[in-house]
Amino acid sequence: MYQAFYRKYRPKCFADVYGQDHVVSTLKNELSENKISHAYLFTGSRGTGKTTCAKILAKAVNCENMQDGEPCNRCEICKGMDNGTIYDIVEIDAASNNGVDNIRDLREEANYTPSRGKYRVYIIDEVHMLSIGAFNALLKILEEPPAHVIFILATTEVHKIPATILSRCQRFDFKRIQPETMAVRLKQVAGLENLTITDDAAVLIARIADGALRDGLSILDQCSSRSSNIDSDLVSQVAGLAGREALYSLADCISSQNSSKAVELIAQLYENSYDMERLCVEMINHFRNYLVVKTVKNNRELIVCTDNEYESLVESAKNFTLEKIIFSLDLFQTTLTKIKGGANSRIEMEMTFIKLCQPKLEQSMEAVLDRIGALERAVKNGVKVQTPVQIEVKQQEKVTAAVDIKPETKQEEAVVIPETNTQPQQKNETPQAAQPEVSQEKPVTPAASTNETAVEQQANVSSGIEPFEQWEDFLDIIHKTDIGLYGVLRSAEAHLQNGYFVIDSTNPTVKEFIKIPTHLKAIKQAVFDLTGQSYKVGVTKQKKENSQKRDLLEDLINQAQNNVTIKFE
């Protein structure tokens, strides 16, 4: 009958046990010096060798030719224990035999002497599953055990064991097997099975197994059913993992704030039957590596990967701040909890990536720290703005700027229109209001002079007000195309008036920014993308009183971005 790898290659002596040197050395010394305890407690995560070491210990105490604490595996007792013909070793599954009656039966059997060996050994697996009454029944025989009886208790949840039981056992804590150690064992088993496995594939299996050698051998067994040549791509397909390229692509979407592409990648992975819970775990491990790269000086030993992948990690980590990494890890951890709780895994992952790409949608403390970190970096580095045309400002006092340039225009030139005074300049001129945006007068018939033309343009802007309801979408576009302009416009508002896109702000910096052609082009292109129409751009100094309430970071963002250094080149 075919045997799975984890059964076929289960260690039969302490020398074959990988990754538990601290346990093996102690047990071998006790056996060599004949200092055998009556009760042992083996604790640790799954697949780390607890039951295996318990069986080796049970065989060693009964071996006829034990040498240096190792069973010989050649005597009749060793062979009988391996093939199950000697019944002096009793294995009990506490998960299905957890009642008081089961322990009482065990106590009665323990009074009988062993049939072949020196000791009758009871291995109780998952001992934490015993009931309170069963623990109390077990306590009595642990206090006064027969001389020929040894108890070996194994558990993955030692905190559930009563203190009275713990105090009567020698406790051994089994560690998670290190990926490097596990990879060596996987290559050894692959060689015995005439399989070819790459170093990347062995490391990937070890990383997926998460310290459990049994899980690693099971994955290797499954891969061998697909092909005798095992590489990282095959392991990813068998384990249902997103490839390393997908992880880096999703990380790039977060750094570039491209939520659309992130959702598309998740859809592709979902269609290819990639498990969303496993994808979430992979992203947690991926950003954990970023965290180690950012915070630990000598971090190479803490990251399980090849040298080429390590270089890619270091390079990719430069796109993230420490605040962003912590925010991402916290959000992925929350998402994983929701998925395990029964939530729709695909929707949860899509929501998570959208929040990571647009931190303003998340109101947690981590998200706020991430946004503050981005502002600090922007203020520290400054923003460079290149202008092809030097703008000459003829009037520095109260002005209303307007331009008539289509988004396709390569070179832009601002037309500055001064405000009219409340007093007429000439006898034949008709006086106009100083603030045309609140005036109810009809437009004045244009005259031949330049000033009268300006008056007509102001009158046209002041009528037909229509609110611009896509302001937040407009800011999102500006944030990606012109970060300096975004900081200035973040606290402003806008409306449409007779073919004009009018920005309402009391910040004088807005007027200065509008005079720069690159900023003008960015504004007009953003408006064109949202509305499909070309608008002239105007600026009014009057701020609407009933403006929407800003978020908690509004003032900080405005102050920080207004202090950004603007360099003309």
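Select P146. Leaving aside residues up to four places away in sequence, P146 touches A110, N111 and I141; contact here means heavy atoms within 4.5 Å. P146 sits in the loop between α6 (132-143) and β4 (149-155). P146 and Y119 are 27 residues apart in sequence, and their C-alpha atoms are 9.9 Å apart in space.

A word on what is on screen. This is a predicted model, in which local features need pLDDT of at least 70, side-chain atom pairs count only at pLDDT 80 or more, and totals for chains, interfaces and linings use all residues. Residues are numbered from 1 along each chain as its sequence is written, and side-chain values use heavy atoms, with hydrogens and water left out.

**Zoom out**

Show the whole chain. The protein chain has 24 helices and 15 strands. Both are DSSP runs, numbered from the N terminus: helices are H or I with at least four residues, strands are E with at least two. Of the 569 residues, 46% count as buried. Buried means under 20% relative accessible area, exposed means over 50%, and partly exposed lies in between (1.4 Å probe, protein chains only). Among contacts with a separation of 6 or more, 73% join residues 24 or more positions apart.

**First helix pair: α8 and α9**

Two packed helices are described by the angle between their axes and the distance between the axes. Select residues 179-192 for α8 and 199-209 for α9. Their axes are 8 Å apart, at an angle of about 120°. Axes are lines fitted to C-alpha atoms, for helices over the stretch in contact, and angles run from 0 to 180 degrees between N-to-C directions. The two helices are therefore oblique to each other. Angles under 35 degrees count as roughly parallel, over 145 as roughly antiparallel, 65 to 115 as roughly perpendicular, and the rest as oblique.

Show side chains. On α8, pick P179, M182, A183, L186 and K187; they meet D199, A202, V203, I205, A206 and A209 of α9. By class, this contact has nine nonpolar, no polar and two charged residues. Nonpolar covers Ala, Val, Leu, Ile, Met, Phe, Trp, Tyr, Cys and Pro; charged covers Asp, Glu, Lys and Arg; the others, Gly among them, are polar.

Select 276-295 for α14 and 345-357 for α17. Their axes come within 9 Å and cross at roughly 30°. That makes α14 roughly parallel to α17. M276, L279, C280 and M283 of α14 make the contact with S345, R346, M349 and F353 of α17. Here the classes are six nonpolar, one polar and one charged.

**Salt bridges**

The structure holds 17 salt bridges. Each is a side-chain nitrogen of Lys or Arg within 4 Å of a carboxyl oxygen of Asp or Glu.

- E193 and K8: their closest N and O atoms are 2.9 Å apart. E193 lies in the loop between α8 and β6 (196-197) and K8 in α1 (residues 5-8), so the pair ties together parts 185 residues apart in sequence. K8 is partly exposed, at 43% relative accessibility.
- D210 and R176: N to O is 3.4 Å. D210 is in the loop between α9 and α10 (213-226) and R176 in the loop between β5 (170-174) and α8, so this bridge ties together parts 34 residues apart in sequence.
- K160 and E157: N to O is 2.7 Å. K160 is partly exposed at 44%, and E157 is partly exposed at 25%.
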